[in-house]
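Me: Hi! I'm new to this one and would like a friendly walk through it. Could you take my questions one by one?

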Amino acid sequence: MKTRECQVLVVGGGTGGYPAAIRAGQLGLDVVLVEADRLGGTCLIRGCIPSKAVIHAATKFEEMGKHAESAELGISIPGAPTVEMKKLVAWKDGIVDKLSGGVKGLLKTAGAEVVEGWATFSDAKTCVVKNGKDEVQIKAEHVVLATGSTETELPFMKFDSKTVISSRDALKLDHVPEHLAVVGAGYIGLEMGIAFAKLGSKVTFVEALDRILPLYDKEMTRPIEMWLKKHGVDVHLGCKAKGLGTKDKEHVLKFEDASGKEQSVRADTVLVAVGRAPVTAGWGLENMGVDMGGRFVKIDDRCATSMRNVWAVGDLVGEPMLAHKASHQGEMVAEIIAGRKRRWDHLSVPAVCFTEPEIVGVGLTPDEAKAAGEDVIVGKFPFAASGRALAMEAGADGGFVRVAARASDHVVLGIHAVGAHVAELSGEFSLAVEMGARLEDVADTIHVHPTLTEAFGEAAMAALGHPIHIAAPKR
Ligand code: FAD
Ligand code: NAD
């Protein structure tokens, strides 16, 4: 067997691993990245990007349907649009191929070597990578673990990629299910469920908790609940999925409602989206002497594990399981290995759920800030009062921007928004929180008119008691 020795070995070419390898290469380190599947990992191949492509296509389809029904904008389409899922999926696959190829090129340019195959560790710094009959042993001074996460299966309702599907199956369906039941109204369930509702499926959610998207407060999720109601999507809260059954020769999803009664809903397809599990088995993690923190690999604020010069990033190390957290950790670890002084000291990991409407969370909600002992002032600006939102048909979905700041010094502690296109506001929100902006800084920043960003300035002014485009709150 050949042996390759290197300074840095990165295991996993997802959003955590590939930025680590690129940055290590840029810094002149001899780096090898091992990937068993395709470069890009969950996010590029079967997660963030393909799901957003499907969501985009579904939204376009729904909008065209509106023009077929009514000519409110003076635009009419003579008949209802149709969708061909095979073509939609092929278009989405084209984007994935382009991005995965792009990652390959970036790694090459940075001087990182890619080894294809599955890595199995015999000790903390040694692994064997198998690819068919080929085997190579890799010995490294530093190891960056970025093996990511995978779908959680319900033991009583195994994935079969046809009737009971995971998010990866949902992204390659060759048809629009007539009746789609979604188990779990979290990130994946809502994003994909709403997309299929737009594409024409009759969608039903079965969610164990008493609310959807529990990471966001009720004020934030209300516009999404309104959309679901308006579009005939049924949501069963406080209900636990129990398995597949048949009724009148049709597939049904059986579930137990809040009172313990068994119910069922027709479902030719069931999407199970009940969370993701870190990939910790099958690659010799147990031989590495690395401490665990529950089901995740335990790290400190430099992403160092308990084993010297073994680092871990991304979904493998815990919540939030988000691509931008993974990539920031990967890039940071490469710099630390190269001798730079870095640590994880972010005030927030921003989050966006690409629902209808979209929802953004940066920093603390007012309730979280209060629970942390802060005296908080809050300002809110509705998109119904934004000219830009109205001119983009984005003013009637109940959306708003909400800013929470410390009462004593007006430092912004959290910014939350819900509404069409608000994902694109998340960058300015993050910058404000990370830079310790005060309400006055945000209010004094000139926001381009007409843009949705004005709502952020107005929300800050509302918190200060003097918004321009809504009535000033009584104090
Ligand atoms: P992964 O991307 O899972 O990469 C791990 C890689 O390691 C894989 O390619 C795997 O093949 C490889 N690997 C594992 N073990 C080995 C081994 N022993 N040898 C060789 N290779 C190995 N996040 C967002 O921020 N925004 C979104 O919009 C978003 N949408 C999502 C939508 C869906 C449907 C899903 C499923 C996830 C979404 N996520 C989103 C989450 C995001 O995809 C993950 O947080 C991110 O991919 C984590 O990156 P990672 O590098 O830790 O792991
Ligand atoms: P999730 O944790 O967001 O939601 C899972 C939901 O399933 C929860 O609300 C839970 O109460 C419910 N549930 C669990 N068991 C159940 C049962 N037996 N019956 C009914 N409901 C049940 O998980 P997810 O939607 O699978 O997404 C996984 C992760 O992927 C997310 O946490 C997120 O980190 C990432 N992701 C992010 C984005 C984004 O950033 N836009 C998009 C998709 C996925």
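Reply: Happy to, and a place to start is valine 352, where a backbone N or O atom lies 2.8 Å from a nitrogen atom of ligand 2. Keep in mind that this is a predicted model.

Me: How much of ligand 2's accessible area does the protein cover?

Reply: On its own, ligand 2 has 850 Å² of accessible area, and the protein covers 80% of that.

Me: Which elements give two or more residues to the shell around ligand 2?

Reply: Those are H6, strand S12 (240-247) and strand S20 (351-353). H6 has the largest share, with 4 residues.

Me: And which residues are closest to ligand 2?

Reply: Ile188, Glu191, Glu207, Met321 and Val352 are the closest of the 24 residues that surround ligand 2. For glutamate 191, a polar side-chain atom lies 2.7 Å from a nitrogen atom of the ligand. Glycine 275 uses a backbone N or O atom instead, 2.8 Å from an oxygen atom of ligand 2.

Me: How many residues in the shell around ligand 2 are nonpolar, polar or charged?

Reply: The shell around ligand 2 has 15 nonpolar residues, along with 4 polar and 5 charged ones.

Me: OK, on to ligand 1. Which residues come nearest to ligand 1?

Reply: There are 38 residues around ligand 1, and Gly16, Glu35, Thr42, Lys52 and Asp315 come nearest.

Me: What does the backbone of glycine 16 do there?

Reply: A polar backbone atom of glycine 16 is 2.7 Å from an oxygen atom of ligand 1. Backbone N or O atoms also lie by oxygen atoms of ligand 1 at cysteine 43, at 3.3 Å, and at methionine 321, at 3.2 Å. The protein covers 93% of the 1,000 Å² of accessible area that ligand 1 has on its own.

Me: Which element gives the most to the shell around ligand 1?

Reply: That's H2, with 4 residues. Helix H2 (41-46) is one of the elements that each supply at least two residues, and the others are strand S2 (31-35), helix H3 (48-69), strand S4 (118-123) and helix H8 (323-337). By class, the shell around ligand 1 has 15 nonpolar, 17 polar and 6 charged residues.

Me: What do the buried residues of H3 pack against?

Reply: They pack against H2, helix H4 (85-110), helix H6 (187-199) and helix H7 (218-230). Among the buried residues of H3 are Pro50, Ala53, Val54, Phe61 and His67.

Me: What does lysine 92 touch?

Reply: Leaving out residues up to four places away in sequence, lysine 92 touches Pro50, Ala53, Val54 and Leu171. The side chains of lysine 92 and aspartate 93 are joined by a polar contact of 2.8 Å.

Me: Last topic: where is glutamate 368?

Reply: Glutamate 368 is in helix H9 (residues 366-371). With a relative accessible area of 37%, glutamate 368 is partly exposed.

Me: And how far is glutamate 368 from leucine 107?

Reply: Their C-alpha atoms are separated by 40 Å, and the two residues are 261 residues apart along the chain.

Technical notes: Residues are numbered from 1 along each chain as its sequence is written. Chains are lettered from A and ligands numbered from 1 in the order in which they are written. This is a predicted model: local features need pLDDT of at least 70, side-chain atom pairs count only at pLDDT 80 or more; totals for chains, interfaces and linings use all residues. Side-chain values use heavy atoms; hydrogens and water are left out. A residue is near a molecule or strand if one of its heavy atoms lies within 4 Å of it. A polar contact is a pair of N or O atoms within 3.5 Å; within protein, one must be able to donate a hydrogen and the other to accept it, and residues adjacent in sequence count only if both atoms are side-chain atoms. Accessible areas come from the Shrake-Rupley method with a 1.4 Å probe; for residues, only the protein chains shown count as cover. Ala, Val, Leu, Ile, Met, Phe, Trp, Tyr, Cys and Pro count as nonpolar, Asp, Glu, Lys and Arg as charged, and the others, Gly among them, as polar. Buried means under 20% relative accessible area, exposed over 50%, partly exposed in between (1.4 Å probe, protein chains only). Contact means heavy atoms within 4.5 Å.
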